[in-house]
Amino acid sequence: MHGPQYDGGPTAPSIASPEMISARLERLPFSRWHARAMAVVGSAHFFDAFDALTIAFAMPVLIGIWGLNPGETAAIISVGYVGQTIGAIAFGRAAESYGRRRMLRWTIGILSILTIAAGLAAGPVVFCILRFFQGLGLGGETPVGAAYINEICPTRWRGRAVFALQLIFAGGVVITAFAALWIIPHLGWRAMFWIGGLPLLLAIALPRLMSESPRWLADVGRLEEADQILMRVERDLLARGVSLQEPSPVARTMHETHPALAALFQSGYAQRTLALWLMALCTAIAGYGIVTWMPILYRTVFHLPIDIALRYGLGTTIAGFLGVLAATLLIDRIGRRWLFILGFGGGGLPLLYLALNGAHVGVQGVVILATTACTFLSFLLAGLYVYAPEIYPTRIRAIGAGAASAWLRFGSIIGPLLVGLILPSFGITGVFLLFGLAAITGAVTVFFFGIETLGRSLEAIAPR
């Protein structure tokens, strides 16, 4: 590496400020410390995807076993999203006070225990209650994990790192879909939930696998602990012959600790927060709407055989995975803002075309255009977990990411309700129009109010 060198000797920089801790993090290359942290959070993300999708494959069996009517079925599905909405905010807030690692461990533990318990439920009432509490952990893990990875990764590859985790999530969705097709017929629906409880082992071992975020430790005044973590990383790199540049601290404004949700609207962050929430809502309505509803529409509107409808639905899921893969390669090249505009626009235009011309394109045309839309919208489904933690300072980073995640979950609740109201009166044309307008609204929001974070340190993006 070029520039001033730091050899860990007597000229080592002072650790007397959070600015220096951040600067030391910024100059680190990818290390075994980063790899371990990403493996832990990536494993949690994978099983988040597994547990989130299990209900979709279990419900057809449970409807027959428990004799569920449509209202009861909707309640079981929706209550999980309600829990996720609450969990995203609650654990995001708790992570500001008690640390990223501790709350990550709690969310994984809650998710695992309640998933196992759901697999033991004897009836729909108990199952529904367990689904709610499972949702608390499911909703909290992703934003807390995203905030942690954002904080330990240097600016130059931060976007790719967080997107790689979302790629694991998307891959988990695809693997779960394939696994369920064999597990449920051969081992039963309960086995899916018991397998989903395996991350309990990860929660038990987590304190030995990853350290607390040095940025968070420094932000709450625990500078010595932050320094010790970084010294271990630096010594490991130096022992392997890696040269480290001299840290270049960025000055910042001091602040109070343990802020409330209201802090997202203070110190100039109100516009960022409102724009982010609208982006999340549009993403949920359009993105999750496509993923959730297309198999149902193939079956009920186009009257395709169930195996064909599920196969087309699986194709949509695979398209989403490929979209996340493409975005992982693009995000640190073209930036967050243009990637999101491309995602919303590339998703919205095919959907609007279907709204205007769906009757003339045939089933195959609908499959192609809907799958294309899903590919582009997946840029946002993953990308918001890169962007949301970046635009806030450390003191409110986890709660900011959690609130954005909550709006994603909220959109997942109201989206199906809107489709249920629109479909009987306006048909599939109205559904595609809803999804398309949501996506275009997202693109307009990003164009006028989105900020570019590419190539900027977290302290430069949000100095207060």
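Reader: To start with Cys282, is that residue buried or exposed in this model?
Author: In this predicted model, Cys282 counts as buried, because its relative accessibility is 6% and the cut-off for buried is under 20%.

Reader: How many disulfides are there?
Author: The count comes to 0 disulfides. Cys282 is in no disulfide, and the nearest cysteine sulfur belongs to Cys374, 17 Å away. A disulfide would need the two sulfur atoms to be within 2.5 Å.

Reader: And what is a disulfide, in general terms?
Author: It is a covalent bond that joins the sulfur atoms of two cysteines.

Reader: Let us step back to the whole chain. How many helices and strands does it have?
Author: The chain has 15 helices and 2 strands. Its radius of gyration is 22 Å, close to the 23 Å that the globule rule gives for 464 residues, so the chain is as compact as a globular protein of that length.

Reader: What box do the C-alpha atoms fill?
Author: Taken along the principal axes, the box is roughly 75 × 45 × 40 Å.

Reader: What share of the residues in the chain is buried?
Author: Of the 464 residues, 57% are buried.

Reader: And what share of the contacts comes from residues 24 or more positions apart?
Author: Such residues account for 85% of the contacts with a separation of 6 or more.

Reader: How are Phe30 and Phe449 separated?
Author: They are 419 residues apart along the chain, and their C-alpha atoms are separated by 32 Å.

Reader: And Ser31, buried or exposed?
Author: Ser31 is buried, with a relative accessible area of 4%. Ser31 is also found in the loop between helix 1 and helix 2. Not counting residues up to four places away in sequence, Ser31 touches Val233, Leu237 and Arg240.

Reader: Let us turn to helix packing. What describes two packed helices?
Author: The description uses the angle between the two axes and the distance between them.

Reader: Then what is the crossing of helix 2 and helix 4 like?
Author: The axes of helix 2 (residues 32–66) and helix 4 (residues 100–118) come within 11 Å and cross at roughly 30°. The crossing of helix 2 past helix 4 is left-handed.

Reader: Which residues make the contact?
Author: Helix 2 contributes Val41, Ala44, Asp48 and Asp51, while helix 4 contributes Leu104, Ile108, Leu111 and Thr115. By type, the residues of this contact divide into 5 nonpolar, 1 polar and 2 charged.

Reader: Which residues of helix 7 are buried?
Author: In helix 7 (residues 189–196), the buried residues are Trp189, Ala191, Met192, Phe193 and Gly196. Their cover includes helix 2, helix 4, helix 5, helix 6 (158–187) and helix 8 (199–209).

Reader: A change of topic: what is the phi of Ser267?
Author: Phi of Ser267 is near 55°, a positive value in a residue other than glycine. Ser267 lies in the loop between strand 2 (244–245) and helix 11 (270–300). Ser267 is partly exposed, with a relative accessible area of 37%.

Reader: Last one. Where is Gly455?
Author: Gly455 is placed in the loop between helix 14 (397–449) and helix 15. Gly455 is exposed, with a relative accessible area of 60%. The C-alpha atoms of Gly455 and Gly346, 109 residues apart along the chain, are separated by 25 Å.

How values were computed:
Residues numbered from 1 in each chain as written. Predicted model: local features only at pLDDT ≥ 70, side-chain atom pairs only at ≥ 80, totals over all residues. Heavy atoms only, no water. Axes fitted to C-alpha atoms, helices over the stretch in contact; angles between N-to-C directions. Helix = DSSP H or I, 4+ residues; strand = E, 2+ residues; numbered from the N terminus. Left-handed = near helix turned anticlockwise from the far one by under 90°. Contact = heavy atoms within 4.5 Å. Nonpolar A, V, L, I, M, F, W, Y, C, P; charged D, E, K, R; others polar. Buried < 20%, exposed > 50% of the residue type's maximum accessible area, 1.4 Å probe, protein only. Rg over C-alpha atoms; globule rule 2.2 N^0.38 Å.
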